[in-house]
Amino acid sequence: MSLLPELRYPSVTELVSSARALAAHRPGLCSLRQVGASRAGRPLNLLSVGHAERSVLVVAGAHANEPTGGSTLLSLAERVQRDRQLRVDASWHFLLCADPDGASLHVTPAPRTLFDYHLGFFRPAGPEQPEWSPSVLPPDRLPPETRALTGVIDELRPYLQVSLHGTDLGGSWVQLTKDIPGLAEPFAKSAAELHIPVETGASDAAGWPASGPGVHVMPAPGTDAAYPSMPDDARHSTWYHAHRYGGLTAVVEVPMWASDLVDDPAPHPAPAAAMRRLALRLRQDALQVESVLAEALPRLPGPDGPLLRAAKWALELVPGLAGDWVRTPPADTTMAYLSSVDAFGRRLPLRAAAMLLRVLQETDDRAAPHLERLVASWSEDFAEHFRARWVPLEHQIEHQSRTVMAAARHARGGAGRPEARTRGGR
């Protein structure tokens with residue numbers, strides 16, 4: 001595929017500049033302030049619009065490789081500034097980028113292909129991700145970005161926190177820490193109007209109840225995880241910090257490239273056998289990357305930087321995850337779910353290979369050309385198998401924005417009601 005996005009994703013510097021201009025235009029209504037600093041000393045900035053007692057907190061940039069959120073955040077801030085009724089219902093607060101250090105390392109603002117995207121790819125190891133670190137680290141070792149985020153939640157006590165996420169290839173879905181009745185309908189309508197598939201069997205939400213297609217509600221603490229080997233647990237992330245104030249979190253995912261395969265509700269003819277095949281390919285792909293790493297590692301200078309730490313961390317997940325896919329019954333038996341797992345299985349070693357490639361290129365290592373060919377081949381196969389099509393950036397932004405507005409509207413009346421019916425077919 002070779003479609004060029006019509007727009008590009010803004011850098012953190014551009015986000016801050018736009019937020020500063022917005023605050024300067026309406027100084028009595030908007031304010032921009034620093035609420036913390038990253039490990040490298042980069043500022044974490046919060047834009048606030050309105051003065052209502054109840055609050056909505058919108059977080060962008062939690063994952064460096066998911067750039068749509070920054071664009072959506074600016075669009076939402078401008079919309080709230082223009083619409084007085086939105087400001088009557090709640091004050092709106094926008095954390096411009098939760099991980100500015102990570103954002104400085106992900107360098108594909110306008111990818112033409114999945115290969116372009118992966119040539120500049122970066123996603124930190126789990127313990128270094130602001131939202132996820134509480135699920136894998138003790139409280140005294142949390143990074144400053146995490147402490148800043150939880151401090152903002154403590155200050156604002158939002159009835160709704162929205163975390164803007166995205167996926168490279170697939171569909172759109174929502175993850176909720178508590179159900180928001182009524183959200184599923186406007187979410188589905190928006191996706192249909194903008195020709196974005198709904199990821200009805202998202203592997204990230206495997207085994208979770210659903211209040212509608214693509215709207216997944218996190219299970220209660222103590223519920224067995226679909227993938228027991230995974231070290232992080234969403235129920236220990238910063239998403240749950242709003243619960244101590246009666247709030248909840250909605251995680252809104254939107255794809256850069258769409259695939260209709262993740263929106264197929266038909267039953268898979270042999271789901272268990274398919275999971276075994278996917279587990280085998282996952283192991284084989286990871287072994288190829290591990291072989292390059294083992295051969296090149298003695299030549300690499302130490303200590304490990306963030307790219308190499310992240311590549312190693314991704315590879316360390318593979319044995320346990322592949323074992324989960326073989327040992328446990330499929331959490332879902334639809335074509336959509338198996339396609340989502342297929343994408344996950346391709347994505348993990350590809351990301352590790354892409355980050356390792358950047359390390360090897362920086363040192364002009366002799367293994368780099370071979371690994372570059374592998375990343376190119378896997379990226380092309382990924383796009384071809386899933387019949388990937390670019391989602392125009394304005395559609396990514398509009399769908400994510402509509403979903404945030406619908407979540408804020410429906411959460412006001414009864415946020416946090418825990419009941420959620422399970423989607424048929426599970």
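# Exercises on a predicted model

Leaving out neighbours within four places in sequence, Ser 133 touches Gly 126, Pro 127, Leu 142, Pro 143 and Thr 146. This structure is a predicted model, and the exercises below let you explore it piece by piece.

## Exercise 1: Placing Ser 133

Find the loop that holds Ser 133, and decide whether the residue is buried or exposed.

Solution. Start with the chain: Ser 133 sits in the loop between α5 (114-119) and α6 (144-156). Next, take its relative accessible area, which is 0%. Buried means under 20%, so Ser 133 is buried.

## Exercise 2: A pair of helices, α9 and α10

Work out how helix α9 and helix α10 are oriented to each other, and which residues meet.

Solution. First, locate the helices: α9 covers residues 306-327 and α10 covers residues 335-362. Their axes lie 9 Å apart, and the packing angle is about 155°. Angles over 145 degrees count as roughly antiparallel, and α9 and α10 are therefore roughly antiparallel to each other. The crossing of the two is left-handed.

Now look at the contact. On the α9 side, the residues taking part include Leu 307, Ala 311, Leu 315, Val 318 and Trp 325. On the α10 side, they include Val 341, Phe 344, Leu 348, Met 355 and Arg 358. Sorted by class, the contact of α9 with α10 has 17 nonpolar residues, one polar and two charged.

## Exercise 3: A second pair, α1 and α2

Solution. From α1, the residues Leu 15, Ser 18, Ala 19, Leu 22 and His 25 take part; they meet Gly 70, Leu 74, Ala 77, Glu 78 and Gln 81 of α2. This contact divides into five nonpolar, four polar and one charged residues.

## Exercise 4: The two sides of α7

Which residues of helix α7 (residues 184-193) are buried, and which exposed residues does the face turned away from them carry?

Solution. Begin with the buried residues of α7, which are Ala 184, Phe 187, Ser 190 and Ala 191. Viewed down the axis of α7, these fall within an arc of 135°, so they line one face of the helix. Then turn to the face directed away from the buried side: there you find the exposed residues Glu 185, Lys 189 and Ala 192.

## Exercise 5: Positive phi values

What is phi, roughly, at His 195 and at Arg 157? Where do these residues lie?

Solution. His 195 is not a glycine, yet has a positive phi of about 60°. This residue follows α7 and lies in the loop between α7 and β7 (210-212). With a relative accessible area of 56%, His 195 is exposed.

Arg 157 also has a positive phi, near 50°. Its place is the loop between α6 and β5 (160-170), and it is exposed at 54% relative accessible area.

## Exercise 6: Partners of Val 391

Describe the surroundings of Val 391.

Solution. Val 391 belongs to the loop between β10 (389-390) and α12 (393-414), and its 2% relative accessibility counts as buried. Leaving aside neighbours within four places in sequence, its contacts are Ile 196, Pro 255, Met 256, Trp 257, Ala 258 and Gln 396.

Definitions and conventions. Residues are numbered from 1 along each chain as its sequence is written. This is a predicted model: local features need pLDDT of at least 70, side-chain atom pairs count only at pLDDT 80 or more; totals for chains, interfaces and linings use all residues. Side-chain values use heavy atoms; hydrogens and water are left out. Axes are lines fitted to C-alpha atoms, for helices over the stretch in contact, and angles run from 0 to 180 degrees between N-to-C directions. Helices (H or I, at least four residues) and strands (E, at least two) are DSSP runs, numbered from the N terminus. Angles under 35 degrees count as roughly parallel, over 145 as roughly antiparallel, 65 to 115 as roughly perpendicular and the rest as oblique. A crossing is left-handed if the near helix is turned anticlockwise from the far one by less than a right angle, and right-handed if clockwise. Contact means heavy atoms within 4.5 Å. Ala, Val, Leu, Ile, Met, Phe, Trp, Tyr, Cys and Pro count as nonpolar, Asp, Glu, Lys and Arg as charged, and the others, Gly among them, as polar. Buried means under 20% relative accessible area, exposed over 50%, partly exposed in between (1.4 Å probe, protein chains only). The arc is that of the directions from the helix axis to the C-beta atoms.
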